[in-house]
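Please read them alongside the coordinates.

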Amino acid sequence: MSETLTGAQALIRALEHEGVDIVFGMPGGAILPVYDPLLDSPIRHVLVRHEQGAGHMASGYAHATGRVGVAMVTSGPAATNLITPLQDAFMDSIPVVAITGQVAQTNIGLDAFQEAHTWGISAPVTKHNYLITDVEDIPDVIREAFHLAATGRPGPVLVDIPKDLFVETMAWHRPGEINLPGYKPSVKGHPKQVQAAVDMIHAANRPVLYAGGGIIRANAADRLRRFAEVANLPTVTTLMGRGAIPDSHPLALGMPGMHGTYTATTAMQKSDLLVTIGARFDDRVTGKVDAFAPGAKVIHVDVDPAEISKVRQADIPIVGDAGAVLEQLIFAMEHFLDTKPAPERKDWFDTIHNWQEKYPLAYDQDPDGPIQQQYVIQELHRITGGDAIVVAGVGQHQMWTSQYWGFERPNTWINSGGLGTMGYAIPAAVGAKAGAPDQLVVAFDGDGSFQMTMQELVTAAAEGINIKIMVLNNSWLGMVKQWQKLFYNERYSATDLSGGNPDFVMLAEAMGCAGLRAEKPDEVAPVLEKALAINDRPVVVEFKCDPDAMVFPMVPAGGSNDDLVLGPEDLA
Amino acid sequence: MRPNNITQHVITALVEDKPGVLARVSTMFARRGFNIHSLAVGPTSDPRLSRMTVVADGPEMEQIIKQLYKLVNTVKVTEHAPGAAVEREIMLLRVNAEPKRRGEILDAAGIFGAKAVDVGKVTITFELSGEPAQLADFLELMKPYGIVDLVKSGRIALARDPKAKNGRRPELRTA
């Protein structure tokens, strides 16, 4: 005898079956029936202050835990408020399931109150989306949605459910077997291609392992490291791939691209083989594509066939899961090295080490001058030993965090890479901390980025999600200002925030957080210690930072990676 | 009409017969700025699947085919090289046909195998199915009489049997 449930109860039951422990959301008219059985469920609900926050929290949760993050909101404006986080998760391949209420089916298309064409609006920003029209479909669609979000190239999936279905009843049934004839992601790579890749790697003189966020998503960091060691490959990690190999590893060269290290960017540029795994030749990595790594052949491993040869023609394409293909590559490489000597590539490594010595990341902290943003990042790393999940907003502070925080483990770096969504930090940190409550979760944020989603600090305080936000306040939209300084004759149009910035300490206190401030370099370490000692509420620390600091190295937009600028002295 | 223009691509997509699939496919073309010249959708021998035939203008289709494959409801996507598929289209064409010119119009139509499906006081409506080039030729021939109205089904295509080597284009005998 199967149980009779309402659609609302069936939805909650289906989420429980998926192992969902937290839903980030906000109720409203169309989703209202679902919030009633939620009271009886072990699923924790985190009540956000804006639906965009729910989406980014689900993303932060997914980043930190590797599991699917869930956001649930009502119809109309709530659903449209989710669009930015969905596109964000789509571009960074983050597994998220969004559930939206819809007006009753009899009202669809009638411009009913809080009606929006959620299916149509969300189709281009999701991996897949659904509008359920039969209450009986709820268990199977939820099963499919989680399967699609988490497998293959992960991504966001939206399920839109009209209100009338929530109050209809159905005979509960466990979801049936997944039947998606058009969806069969490859797992293993083609053995011949794997062998060809091993041959090509062995023959290369100046190879670089180009590791992207796909490594993190595939939980394959351990195998990436092993492969780098077996094949003796210097390794760059993209913005989304930071932590795929420990930054302290002798083979790690750091981040390449527009604001990458000189060594990572230049090694790719001069290489004769790019062993690309879970990366997508993003324009922030390649610079001017025609001038990118002109002498390099390309091995491209990706679970998404559409990424291969999208930007750069691959000589050896391998479609498959990063972890599975890495296992094949390690096995084939070890077998190969049984009979042939491993190439030493001394010249290549000498060149690389020479670059590292000559062109390290550098900034100057004058003890009597303003606080340098990089200094705050390095001090927190020193004090915590780097043992934290680090989140960033979007802008200069994000690049500095990627550059200066030494990442030693995967899933400890959470940021908005592809879409570059300002305001990502606070909600993503809330999601990460909710999913990984035993870990220290710190976010570096800019004063501009902070003000886009700061109301989620109320959520954090109310829910006891004790994140620590470091506001690197330079009182400017710093990255835009940097471009105006370099490319617009220092004409600062609409980037000065100094006149209108709030008092961040008072603001923090008003939102139920502890508010702290450091104005001089010698105050940085003590205030960080203090912030780390407060564990009964979220903490916001404002650092009054250098308003003129710029992110270097830098490849000017549209320029070749050969024309990398190391510092202001190069710009004369 | 430019049925043989090489910038026209003929793509067939085997898709799940589910709501929204047509929107997903057409959006994919729109997103890349490609104009859809014609689009025909219909059932297949498998009730779960539909076949879409899309004729689109664009420089190259490799990326769009990969993107179409990424759609969860897409089972198979094929681009047909010129001549590699049987391509057909149906046209209904209403021409001015004063009684004194009817004879010659019907003669011309007969050569193309067009069927008169509606005859009015001063017009005749023809039905013609065939290769896109045949339709274009017939249309050209009828123009001087005055085209009153025209509707086309959009092209449909099915890949030729790769094993059929001899007499593989029997339909040409009527042309």
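1. Two residues are taken to be in contact if their C-beta atoms, placed from the backbone, lie within 7 Å. On that criterion, the contact between the two chains takes 15 residues from chain B and 12 residues from chain A. The model is predicted, with local features requiring pLDDT of at least 70 and side-chain atom pairs counted only at pLDDT 80 or more, whereas totals for chains, interfaces and linings use all residues. Residues are numbered from 1 along each chain as its sequence is written, and chains are lettered from A and ligands numbered from 1 in the order in which they are written.

2. On the side of chain B that touches chain A, the elements giving two or more residues are helix 1 (21–31), helix 2 (62–70) and strand 4 (74–80) of chain B; helices (H or I, at least four residues) and strands (E, at least two) are DSSP runs, numbered from the N terminus. Helix 2 of chain B gives the most to this side, with five residues. By class, the side of chain B has four nonpolar, six polar and five charged residues, where Ala, Val, Leu, Ile, Met, Phe, Trp, Tyr, Cys and Pro count as nonpolar, Asp, Glu, Lys and Arg as charged, and the others, Gly among them, as polar.

3. Chain A is divided into domain 1 (4–171), domain 2 (191–358) and domain 3 (373–552), with bounds that come from an automatic or database domain assignment. The contact between domain 1 and domain 2 of chain A takes six residues from each of these domains, and the side belonging to domain 1 of chain A divides into one nonpolar, three polar and two charged residues. The centres of domain 1 and domain 2 of chain A, taken over C-alpha atoms, are separated by 37 Å.

4. In chain A, six strands form an open sheet with parallel pairing, in the order 3-2-4-5-7-6, two strands being paired if DSSP finds at least two bridges between them. Strand 3 (44–47) and strand 6 (128–131) of chain A are the edge strands, each pairing on one side only.

5. The β-α-β crossover from strand 2 through helix 2 (residues 32–38) to strand 3 of chain A is right-handed, meaning that, with the strands pointing away from the viewer, the path from the first strand over the helix to the second runs clockwise.
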